[in-house]
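Let's take a walk through this one together. Have a look at the sequence and the fold first, and then we'll go through it piece by piece.

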Amino acid sequence: MHKFTTIIAGLALLCASFSLHAQDATIRIHDEGTGVTIPAEIYGQFSEHLGRCIYGGLWVGKDSKVPNVEGYRKDVFDALKALKVPVMRWPGGCFADDYHWMDGIGPQEKRAYIANNNWGGTLEDNSFGTHEFLNLCEMLGIEPYISGNVGSGSVEEMAKWVEYMTSDASSNMADLRRANGREKPWKVKYFGIGNEAWGCGGNMTPEYYSDLFRRYATYLRDLGGNHLYKIASGASDYDYNWTKVLMNNIGADKGMKGISLHYYTNIGGWVGSKTSATQFSDATYYTTLSKTIEIEEVLQKHIDIMDTIDPEGRVDLLLDEWGTWFDVEPGTNPGHLYQQNTMRDAIVAALNFDIFHKYTRRLKMANIAQVVNVLQAMILTNETEMVLTPTYHVFEMYNVHQNAEFVASDILTKTVKSDRKCPVPEVDATVSRKDGVMNISLVNTDLKKAKKVLITFDNEKAVSAITAARVLTSKDVHDYNDFGKANVVEPKAFKDYKLTKAGLEVTLPPCSIAVLAAK
């Protein structure tokens, strides 16, 4: 079996015997496959009660003048259906450890009002609660991922929530669910026991949280044929000790099926100004890409720890928060984290997927932050309009890789240095195969120059025709889609390729992402 790694060659290597000749990059696809499936959950979403993610984003209410489907904003509902979302995390984030689920059930006019103390002090009326979230997932075929409240909640509260959602018995919580209009229990697989326990979820030590997890996990029972996949609140980016302690102190024997990880592409730091989402220099563009691909080293180090302690691979790694984090748009509430989404964000998303696919032996889920109107969103809305972002289009173009067999490839390409440690490849790629079709995704990170790419195969007869091809690009990396304007960043048919005796020759426009289907 070939290695799953990508070979990135610098200028020194290019001067050696591995000449690119007339090409800017060469890719060798080991087309016999690996037998490893890319989980659909790698393309997961995250929806927090933050800014306008829920209210005005997913939910407008049944009485709204905005066209809706049972209270869900129709344009957003339809866009998510087209995206084939496999899993969605809710209600947070930091909000999860302030969330008391019984505030969000029963008649909406009688639900409790609270202040969202984590995100701008906004009034939270709890009109979107357990029923609204789980029904949305059911209608769209999305696997729900619930984040439970450890920070300010109790074991009893969390156990009753599981009973309310999943029990088919005659019990107080199941009967309460029935009284609130839902006879049949929902299926809830993924359940997070707390969020960011090292920070907004309680400022705990890993040792203390480990004991709490074991206590909570004891009382979160499988009911009515439902089986919980219990997820521990894992580390923030470089905190390898957190992973080590949880793996040693909890492990699969104490109910931990998965451990989370959070990593944001944030180049300005957590205190003070970050950088603009739309106004940035070429140097900042490459710094952003360098920071985002640094996630590969982070994944490797956490996985190495997990492999050492759990060589059987019984505990999975879930990257349940990732994406870009820039300054909010001018004039918006700083606590709502509303940022625009440019072609740069699309490149970030594609590079991340290229990395994620290589680590699915352990990495079983990734949830971008967040689905609507927050951080690196798929969708932006105002009172009447909806915009699909460049990141949305990457998710849609790449969904051909969901549940497909990962196909290993080696890449020979130049790199660009930034002021961070990770050099940025000029060309990147990911390959998978499903239903007899090989899907090849290509990225050109160069802002100025098109790249000629030669793709070869171990079996020269592996590909006989390209049956579909699209490209996402724009004249300017700062371009984004906005309300009241024609979309400037959206996929278009791609024709700049040809099959020759040498292989598949592709010319990628500057700053572009292409996906080709081959048979």
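Which residue in E26 is the bridge partner of Tyr497? It's Val506. Keep in mind that what you're looking at is a predicted model.

**The six-stranded sheet**

There's also an open sheet of six strands, this time with antiparallel pairing, in the order E16-E20-E21-E27-E23-E24. Its edge strands, strand E16 (405-407) and strand E24 (492-493), each pair on one side only. Take the E24 end: two bridges join it to strand E23 (residues 466-473), and the two run antiparallel. Here Val471 stands opposite Lys492 in E24.

H10 lies across strand E20 (427-434), strand E21 (437-444), E23 and strand E27 (512-518), and runs at about 45° to E27. Helix H11 (residues 390-398) lies across E20, E21, E23 and E27 too, running at about 165° to E23.

**Around strand E12**

Now for strand E12 (residues 316-324). Nine of its nine residues are buried, so E12 is largely enclosed by the rest of the structure. It has parallel pairings with strand E11 (residues 258-265), over seven bridges, and with strand E13 (residues 363-369), over four. Gly258 has Asp316 in E12 as its bridge partner, while Leu319 stands opposite Ala366 in E13. Together, E12, helix H10 (residues 343-356) and E13 make a right-handed β-α-β unit.

Here are the strand pairs we've met, side by side:

| Strand pair | Bridges | Sense |
|---|---|---|
| E11 and E12 | seven | parallel |
| E12 and E13 | four | parallel |
| E23 and E24 | two | antiparallel |

**What's packed inside**

In soluble globular proteins, nonpolar side chains tend to be buried together. So which residues touch the most other members of the largest nonpolar core? They are Phe191, Phe356, Tyr398 and Ile513, out of 123 residues in that core. H10 gives the most to this core, with 10 residues. Phe356 is worth a click: leaving aside residues up to four places away in sequence, it touches Ile42, Ile295, Leu299, Leu319, Trp322, Leu363 and Ala366.

**A helix with a buried side**

Last stop: helix H2 (residues 74-83). Its Val76, Phe77, Ala79, Leu80 and Leu83 are buried. Why do they end up on the same side of H2? Because they cover an arc of only 165° around the axis. After H2 comes Lys84, whose phi is positive, near 60°.

How values were computed:
Residues are numbered from 1 along each chain as its sequence is written. This is a predicted model: local features need pLDDT of at least 70, side-chain atom pairs count only at pLDDT 80 or more; totals for chains, interfaces and linings use all residues. Side-chain values use heavy atoms; hydrogens and water are left out. Buried means under 20% relative accessible area, exposed over 50%, partly exposed in between (1.4 Å probe, protein chains only). The arc is that of the directions from the helix axis to the C-beta atoms. Two strands pair if DSSP finds at least two bridges between them. A crossover is right-handed if, with the strands pointing away from the viewer, the path from the first strand over the helix to the second runs clockwise. A nonpolar core is a set of buried Ala, Val, Leu, Ile, Met, Phe, Trp, Tyr and Cys residues joined through side-chain atoms within 4.5 Å. Contact means heavy atoms within 4.5 Å. Axes are lines fitted to C-alpha atoms, for helices over the stretch in contact, and angles run from 0 to 180 degrees between N-to-C directions.
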